[in-house]
Amino acid sequence: MMTINEALRLIAGTMILLSLFLALNYSQHWLWLTAFIAVNLMQSSFTKWCLMMTILKKLGLKSRS
């Protein structure tokens, strides 16, 4: 089963690729989503808190095996 850290990396990477695709094909304003994801990843490294990790825990994913 996937751990929280693996799921978080998968979600962040997917969202970044999606925002880049949308920026290239629709509007460069989608790059704000990329920036938002980057800022959240940076703040979580300092605060040790991430909303997506909280959500994944509530969905039943485990921290480590």
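I count a contact when heavy atoms lie within 4.5 Å. Helices here are DSSP runs of H or I, at least four residues, numbered from the N terminus.

Ground rules: this is a predicted model, where local features need pLDDT of at least 70, side-chain atom pairs count only at pLDDT 80 or more, and totals for chains, interfaces and linings use all residues. Residues are numbered from 1 along each chain as its sequence is written, and side-chain values use heavy atoms, with hydrogens and water left out.

Entry: α1. Next I checked burial (buried is under 20% relative accessible area, exposed over 50%, partly exposed in between; 1.4 Å probe, protein chains only). I4, A7, L8, A12, S19, L22 and A23 are the buried residues of α1. Down the axis of α1 they fall within an arc of 130 degrees, so they line one face; the arc is taken from the directions from the helix axis to the C-beta atoms. What do they pack against? I find α2 (31-47) and α3 (51-58). On the other side of α1, R9, L17 and L24 are exposed.

Entry: S44. I place S44 in α2, and S44 is buried at 17% relative accessible area. Leaving out residues up to four places away in sequence, S44 touches W49 and C50.

Entry: F21. This residue of α1 is partly exposed, at 46% relative accessibility.

Key: Helices (H or I, at least four residues) and strands (E, at least two) are DSSP runs, numbered from the N terminus.
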